Amino acid sequence: MALFDAQNWAGALAAFHRAYELVPSYIVLFNIGQCHRFLAEYPEAIEVLERYLQDGADQIAAGKRAEVLATLTELRTFVATVTVEVDVAGAEVLVDEVSQGRAPLGAGDHMIAAVDENGTRKEERVRLAGGENRTVELRLAGGAEPESPSPTPTPGPTPTEAEGL
């Protein structure tokens, strides 16, 4: 708790994770969630605090439960949800180059990509506001999109002898 009291959030987070590995108690999850919150790691804070409520269930005092629910409401204003629709079954979805399942994203800029088994890749950069829900469609079927043909230059007039004299 000394690291937490000193507001050394990263150090406290590491210590709380170690404590949870040794004794997996829902009480430690609250502290882990708070560290993520103070480090502005909002998706992680939400995930851990929801697990705290689930694991602690009836053991959590009503006042503490209300506090955590209010914190979760606040934290959700700092994250966005992206639904990724891919037209090829089995394509891997990446967010900021990390393979993802379904997860909330912190507000800000993100690169959403999908890669099929042949290595065909489509990507889209998105800027997300807190609380936003967005759908990103990545079309992989048919491989690479055809390039548009380059325009053929129209030949200019050729100089004639009369123009040259």
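This is a predicted model: local features need pLDDT of at least 70, side-chain atom pairs count only at pLDDT 80 or more; totals for chains, interfaces and linings use all residues.
Strands of a sheet pair through backbone hydrogen bonds, and the pairing may be either parallel or antiparallel.

Between strand E1 (residues 79–86) and E4 the sense is antiparallel, and the pairing runs over two bridges. Within this part of the sheet, Ala80 stands opposite Leu105 of E4.

In soluble globular proteins, nonpolar side chains tend to be buried together. The largest nonpolar core here holds 22 residues, and the members that touch the most others are Phe16, Ile32, Tyr52 and Val68. At least two residues of this core come from each of helix H2 (9–22), helix H3 (26–38), helix H4 (42–56) and helix H5 (62–76). Apart from this core lies another one, of 12 residues, including Ala91, Ile112, Val126 and Val136.

Which residues does Ile32 touch, if those up to four places away in sequence are not counted? They are Leu13, Phe16, His17, Tyr20 and Val48.

## A residue of helix H4

Glu44 belongs to helix H4. Its relative accessible area is 35%, which lies between the limits of 20% for buried and 50% for exposed, and therefore Glu44 is described as partly exposed.

How values were computed:
Residues are numbered from 1 along each chain as its sequence is written. Side-chain values use heavy atoms; hydrogens and water are left out. Two strands pair if DSSP finds at least two bridges between them. Helices (H or I, at least four residues) and strands (E, at least two) are DSSP runs, numbered from the N terminus. A nonpolar core is a set of buried Ala, Val, Leu, Ile, Met, Phe, Trp, Tyr and Cys residues joined through side-chain atoms within 4.5 Å. Buried means under 20% relative accessible area, exposed over 50%, partly exposed in between (1.4 Å probe, protein chains only). Contact means heavy atoms within 4.5 Å.
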